[in-house]
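Hi everyone, thanks for coming. I'd like to walk you through one structure today, so let me put it up on the screen.

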Amino acid sequence: MLSNLDYLYNLKRAGIKYDLTVMREFADMLGHPERDFRSIHITGSNGKGSTSAFIYSILRQKFSVGVYTSPHLERFNERIIVDNEEVPDEYIDGFIEKYRPKFDELSKVNRNPTFFEVTTMMAFQYFKDRKVDYASVEVGLGGRLDATNIIMPEVSVIAQVGYEHADKLGCSLTSIAYEKAGIIKEGRPIVLQDDKPEVVNEVRRIAQVKHSPLITLDRNKIKNLHVDENGTDFDFDGTNDTYHIHTSLIGDYQALNAATAILAVENSKVQVYKKDIETGISRTIWPGRLEIIDRSPLVIIDAAHNPPAANKMVRTVKKVFNREPTIVAGILSDKDAYSFFSVLRQLSGKIIFTTPEEKERAVDPNILMAQYGNLFRSARVIPDPISAFEHAKKVDDFVFVTGSIYLIGVIRGLYDKANEKKGTKIVV
């Protein structure tokens with residue numbers, strides 16, 4: 001018989017079901033745990049994870065807070081955190097054991113809940129059981145029909161909108177923005193980071209229909225921006241105050257994400273002060289996003305997996321580090337590989353193609369070599385990700401790992417294990 005966690009992963013075979021019918025039935029069965037805590041809801045093609053982490057860290061300065069994000073880097077438990085502690089294995093096991101009969105019951109009247117639906121409901125139940133005051137909840141896909149969209153947040157947030165998942169969300173920015181804006185709730189504020197006209201117009205239209213105040217991020221209010229290998233510093237004129245911000249997250253786009261988080265908290269009903277916001281952002285940890293995991297040799301990992309994210313990442317690395325790394329990269333089959341590698345070659349002419357730890361969706365690195373190897377001055381294939389990484393460290397003193405969170409999680413895990421033996425943690 002499958003273990004409970006294996007049973008949960010096995011639900012992935014059913015794929016993604018982009019509707020809320022089963023999620024609502026599931027919530028009914030559990031007594032609607034999502035109604036027992038207040039929340040902030042965050043969506044976007046890029047930037048939603050960092051923004052969720054900033055919001056969580058700000059709220060943590062005064063309250064008991066949960067954060068729900070996906071996917072995870074190394075462990076499933078990372079997806080569900082309360083007060084800086086990952087959901088325990090025992091809770092995961094107990095939840096699945098208890099509600100397995102409910103899954104069967106749902107399948108008789110509709111269908112089994114998906115992997116993401118079960119994980120989302122587990123997060124909501126855990127937040128209820130832990131009696132959190134607030135939760136920062138990141139959308140999985142889209143917004144309107146995402147499993148998380150049964151909550152009634154204090155404020156909703158839309159970060160950057162791009163063409164990812166166009167097969168499900170539509171092939172125009174307007175149609176994708178419509179799906180993202182599906183998280184806007186009647187009369188509740190919506191904070192929008194994106195400034196593309198198609199996106200702004202569609203979000204404004206839906207906000208007006210929902211009688212929801214629209215707060216847009218004015219980039220001119222981000223001042224004195226400085227980015228280096230120690231993080232990002234800037235001043236921000238928010239709705240209520242002017243903030244002096246430092247975050248260890250590297251990149252001018254992280255200033256956008258932090259400013260968006262500030263606007264979200266300011267325009268919610270949460271009672272926090274300037275010091276809470278500045279301290280919360282300074283304490284934010286969001287692994288795998290231009291994260292330095294070693295300095296000798298210099299090793300950076302980044303979860304960029306689509307062209308807009310890759311563009312920002314490349315621009316930042318060139319500006320901050322000003323030298324060419326050996327890239328170790330792998331990608332999944334549902335990503336725009338040509339555009340991604342076309343951007344990546346601007347960072348370096350040296351690449352090793354390898355395999356992310358996601359067997360069902362990982363692209364064979366030999367195929368990547370055949371299709372995109374000619375974009376680089378020096379390219380080779382090493383299928384095993386650890387072997388690829390170790391080789392890169394032998395031939396270069398600057399290694400950059402990217403392309404899939406399922407790849408960088410493996411590499412980050414190497415350092416976690418090594419440092420556990422030493423009784424230390426990764427220092428950035």
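Let's start with a question: in which sense do strand β7 and β8 pair, and over how many bridges? They pair in the parallel sense, over three bridges. If you want one to look for, Ile190 has Leu214 of β8 as its bridge partner. Before I go on, please keep in mind that this is a predicted model.

Okay, so where do those two strands belong? They are part of an open sheet of eight strands, and the order is β4-β3-β2-β5-β1-β6-β7-β8, with mixed pairing. At the edges you find β4, residues 85-86, and β8, residues 214-216, and each of them pairs on one side only. Helix α8, residues 197-209, packs on this sheet and touches β6, β7 and β8. The direction of α8 makes about 175 degrees with that of β7.

Now stay with α8 for a moment, since it has a helix partner too. Two packed helices are described by the angle between their axes and the distance between the axes. For helix α7, residues 173-180, and α8, the axes come within 8 Å and cross at roughly 40 degrees. An angle under 35 degrees would count as roughly parallel, and α7 and α8 are therefore oblique to each other. The crossing is right-handed. On the α7 side, the contact is made by Leu173, Thr174, Ala177 and Tyr178, and on the α8 side by Glu198, Val199, Glu202, Arg205 and Ile206. Sort those by class and you get five nonpolar, one polar and three charged residues.

Next pair: helix α4, residues 89-109, and helix α5, residues 115-129. Their axes come within 11 Å and cross at roughly 120 degrees. That makes this pair oblique as well, α4 against α5. Here, too, the crossing is right-handed. From α4 you have Tyr91, Ile92, Phe95, Ile96, Tyr99 and Phe103, and they meet Val118, Met121, Met122, Gln125, Tyr126 and Asp129 of α5. What classes do these residues fall into? The contact of α4 with α5 has 10 nonpolar residues, one polar and one charged.

Look for Ile327, which stands opposite Ile351 in β15.

Now for some single residues. Side chains of opposite charge can pair when their charged atoms come close. Here the count comes to 22 salt bridges. One of them is between Arg60 and Asp83, at 3.4 Å from N to O. Arg60 sits in helix α3 and Asp83 in the loop between β3 and β4, so to speak distant parts of the chain, 23 residues apart. Besides Arg60, Asp83 touches Tyr56, Phe63, Ser64, Val65 and Arg130, leaving aside residues up to four places away in sequence.

What about the backbone? Most residues other than glycine have a negative phi, and most peptide bonds are trans. Asp83 has a positive phi, near 50 degrees. Asn84, in that loop between β3 and β4, has a positive phi near 70 degrees. There are cis peptide bonds to look at as well. One joins Ser70 and Pro71, with omega about -10 degrees, and Pro71 is in the loop between β2 and β3. Another runs from Ser296 to Pro297, with omega near 0 degrees, and Pro297 is in the loop between β12 and β13.

That's my tour, so over to you for questions.

Note on methods:
Residues are numbered from 1 along each chain as its sequence is written. This is a predicted model: local features need pLDDT of at least 70, side-chain atom pairs count only at pLDDT 80 or more; totals for chains, interfaces and linings use all residues. Side-chain values use heavy atoms; hydrogens and water are left out. Axes are lines fitted to C-alpha atoms, for helices over the stretch in contact, and angles run from 0 to 180 degrees between N-to-C directions. Helices (H or I, at least four residues) and strands (E, at least two) are DSSP runs, numbered from the N terminus. Angles under 35 degrees count as roughly parallel, over 145 as roughly antiparallel, 65 to 115 as roughly perpendicular and the rest as oblique. A crossing is left-handed if the near helix is turned anticlockwise from the far one by less than a right angle, and right-handed if clockwise. Contact means heavy atoms within 4.5 Å. Ala, Val, Leu, Ile, Met, Phe, Trp, Tyr, Cys and Pro count as nonpolar, Asp, Glu, Lys and Arg as charged, and the others, Gly among them, as polar. Two strands pair if DSSP finds at least two bridges between them. A salt bridge is a side-chain nitrogen of Lys or Arg within 4 Å of a carboxyl oxygen of Asp or Glu.
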